Every structure is written in structure tokens, then in C-alpha cells.
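Hi,

Here is the structure for you to look over.

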Amino acid sequence: MAADLNEKVKRYERLLSEALEKAVFAPIPQSHMYTIAGDYHNMASSYYKDGLHFMRTDDPVNALVCFSYGHAWLDAGARLGLFDVDDDVLFTI
């Protein structure tokens with residue numbers, strides 16, 4: 001089971017890393033929604049960094065949680081129109 005968990009952690013880490021790169025801010029710069037997009041992206045990035053920390057400290061369960069939560073922030077942002085995305089594998093669009 002540990003091998004399955006570790007594989008899943010690595011896969012989710014890769015997915016979140018790719019999603020962070022592809023999440024392009026959609027709102028007009030200087031707008032309130034642009035600020036919100038920044039907040040969503042920052043939350044996802046913070047969860048990504050936390051997940052990497054948990055991977056380094058051999059805590060795969062919390063790493064997986066962080067990568068999942070981080071991706072959820074980006075996915076929610078994409079659904080709200082905060083991010084201009086065209087990848088229906090990484091995002092629910």
C-alpha cells in the first residue's frame with residue numbers, strides 16, 4: 001500500500017505543478033477579480049510548497065492532502081473564471 005500511496009503523491013505533485021503553470025489570470029489587471037485570482041493562485045502555490053515539505057519529511061499522507069487541496073483551489077478558480085485554462089485533464093472546464 002505504501003508504494004501505491006507514494007506513486008499517488010508523486011502523480012498529484014506533478015499535476016499540481018503543471019496546473020500552477022497553466023493557470024493564467026483571466027481578469028483585467030488592477031481589478032478586484034484579478035486580486036482574487038492572485039489569492040487563489042497563492043493558496044494553491046502555498047499548498048504545493050507545503051506538500052513538498054511533507055514529501056521531504058516522509059509524510060506522504062499530508063503531502064497528498066496538500067497537493068489535492070492546492071489543485072482544488074485552482075480548479076475552483078478555473079470554474080469561477082479566474083483562470084483562463086484550456087486543459088480539460090487538469091481542470092474541470
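How many aromatic pairs does the count come to? The model is predicted, and in it the count comes to five aromatic pairs.

Take Tyr 47 and Tyr 69. Their ring centres are 5.6 Å apart and their planes stand at 80°. Pairing needs centres within 6.5 Å, and edge-to-face needs planes over 60 degrees apart. The pair is therefore edge-to-face.

Where do the two tyrosines lie? Tyr 47 is in helix 2 (residues 32-56), and Tyr 69 is in helix 3 (residues 60-80). So the pair ties together parts that are 22 residues apart in sequence.

Now the aspartate. Asp 87 sits in the segment after strand 2 (83-84). Its relative accessibility is 15%. The cut-off for buried is under 20%, so Asp 87 counts as buried.

What does the side chain of Asp 87 lie 3.0 Å from? One of its polar atoms is at that distance from the backbone nitrogen of Leu 90. Leaving aside residues up to four places away in sequence, Asp 87 touches Lys 22 and Ile 93.

Best wishes

Methods. Residues are numbered from 1 along each chain as its sequence is written. This is a predicted model: local features need pLDDT of at least 70, side-chain atom pairs count only at pLDDT 80 or more; totals for chains, interfaces and linings use all residues. Side-chain values use heavy atoms; hydrogens and water are left out. Rings of Phe, Tyr and Trp (its six-membered ring) pair if their centres lie within 6.5 Å; planes under 30 degrees apart count as stacked, over 60 as edge-to-face and the rest as tilted. Helices (H or I, at least four residues) and strands (E, at least two) are DSSP runs, numbered from the N terminus. Buried means under 20% relative accessible area, exposed over 50%, partly exposed in between (1.4 Å probe, protein chains only). A polar contact is a pair of N or O atoms within 3.5 Å; within protein, one must be able to donate a hydrogen and the other to accept it, and residues adjacent in sequence count only if both atoms are side-chain atoms. Contact means heavy atoms within 4.5 Å.
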